[in-house]
Amino acid sequence: MVAQPLKNGDLLFVASVVSGFEQAIAEVTNDESQQNFSHIAMVNVTDSGVYVVEATPKHGVIYRTISEFEQENFEKYMFIGRLKHQYQQGIPDAIRYACSHLGKPYDFAFDFDNDDYYCSELIYVAFMQESESLFEVAPMTFKLSENGDFLPYWVEYFAQLNIPIPEGKPGLNPNGMSRSEKLEPLKKYKP
């Protein structure tokens with residue numbers, strides 16, 4: 001049983017851990033005023049239970065029970081981001097849209113122009129309404145803020161994909177999304 005009730009459209013922000021991929025995301029998207037988030041998923045509450053739709057490197061775009069999601073993320077801190085009341089009317093369409101992409105691969109290239117999805121991209125496009133989304137894109141960076149050098153992890157990562165680092169291309173990340181003024185203040189999620 002979930003200690004804090006989840007609602008349709010709630011966004012679960014997952015704090016990063018020390019794994020290479022998650023830590024590399026956190027290092028180039030971190031805002032020191034907040035938790036370091038490396039993943040985001042959207043909640044769907046139905047008569048048959050509570051589910052999440054998300055895009056993960058391991059599974060691509062999937063729909064699974066909240067307990068399966070919690071099991072995979074049990075060592076991490078999670079927070080609930082709930083849209084403010086005036087933005088909630090689009091939630092049913094957002095859930096349907098996200099679920100229409102089930103089975104699509106994870107977007108390892110972080111590229112808006114392909115048909116693959118990374119976690120933030122899936123949530124972003126799910127909430128597109130009349131060509132505008134509730135969340136703002138910004139130029140992506142894969143550089144360290146303290147010296148402006150590319151984080152070595154990302155240099156190797158994109159070299160293995162044989163594509164250029166998409167520095168400056170439009171994108172978004174869980175840290176930036178967590179700071180949206182369209183969300184109520186984040187609350188800690190306790191399964």
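Student: Let's start with charges. How many salt bridges does a search of the whole structure find?

Tutor: The search finds five salt bridges. A salt bridge here is a side-chain nitrogen of Lys or Arg within 4 Å of a carboxyl oxygen of Asp or Glu. Before we go on, this is a predicted model, where local features need pLDDT of at least 70 and side-chain atom pairs count only at pLDDT 80 or more, while totals for chains, interfaces and linings use all residues. Residues are numbered from 1 along each chain as its sequence is written, and side-chain values use heavy atoms, with hydrogens and water left out.

Student: Good to know. Which residue forms a salt bridge with Glu-54?

Tutor: That is Arg-64, and the closest N and O atoms of the pair are 2.6 Å apart. The two link distant parts of the chain, ten residues apart: Arg-64 sits in strand E4 (residues 60-65) and Glu-54 in strand E3 (residues 49-56). Helices (H or I, at least four residues) and strands (E, at least two) are DSSP runs, numbered from the N terminus.

Student: Is Arg-64 buried or exposed?

Tutor: Arg-64 counts as buried, at 8% relative accessibility. Buried means under 20% relative accessible area, exposed means over 50%, and partly exposed is in between (1.4 Å probe, protein chains only).

Student: Where does the salt bridge between Asp-115 and Lys-104 sit?

Tutor: Those two side chains meet at 3.0 Å, N to O. Asp-115 lies in the loop between helix H3 (91-99) and helix H4 (119-126), and Lys-104 is in the loop between H3 and H4 as well, so the pair ties together parts that are eleven residues apart in sequence. Asp-115 is partly exposed, with a relative accessible area of 42%, and Lys-104 is partly exposed at 22%.

Student: What about Asp-107, does it sit in a loop or a helix?

Tutor: Asp-107 is in the loop between H3 and H4. Asp-107 is buried yet has no salt bridge, and the nearest side chain of opposite charge, Lys-169, is 11 Å away. For that, Lys and Arg count as positive and Asp and Glu as negative, while His and the chain ends are not counted.

Student: So what is Asp-107 in contact with?

Tutor: Leaving aside neighbours within four places in sequence, Asp-107 is in contact with residues including Phe-112, Asn-114, Tyr-118 and Glu-121. Contact means heavy atoms within 4.5 Å.

Student: Switching to H4, how many of its residues are buried?

Tutor: Eight of the eight, so H4 is largely enclosed by the rest of the structure. Among them are Cys-119, Leu-122 and Tyr-124, with Cys-119 at 4% relative accessibility. The buried residues of H4 pack against strand E1 (11-15), strand E2 (37-46), E3, E4, H3 and helix H6 (174-178).

Student: You mentioned a cysteine. How many disulfides are there?

Tutor: The count comes to zero disulfides, taking a disulfide as a pair of cysteine sulfur atoms within 2.5 Å. Another cysteine, Cys-99, is partly exposed, with a relative accessible area of 21%.

Student: Now the outside. Which residues form a nonpolar patch on the surface?

Tutor: Phe-108, Leu-161 and Ile-163 do, with about 210 Å² of accessible area together. Patches are made of residues with over 30% relative accessible area and no salt bridge: like charges are joined within 9 Å, nonpolar side chains (Val, Leu, Ile, Met, Phe, Trp, Tyr) within 5 Å. Accessible areas come from the Shrake-Rupley method with a 1.4 Å probe, and for residues only the protein chains shown count as cover. Phe-108 lies in the loop between H3 and H4 and is partly exposed at 34% relative accessibility.

Student: Last one, how many helices and strands does the chain have?

Tutor: The chain has six helices and eight strands. Of its 191 residues, 46% count as buried.
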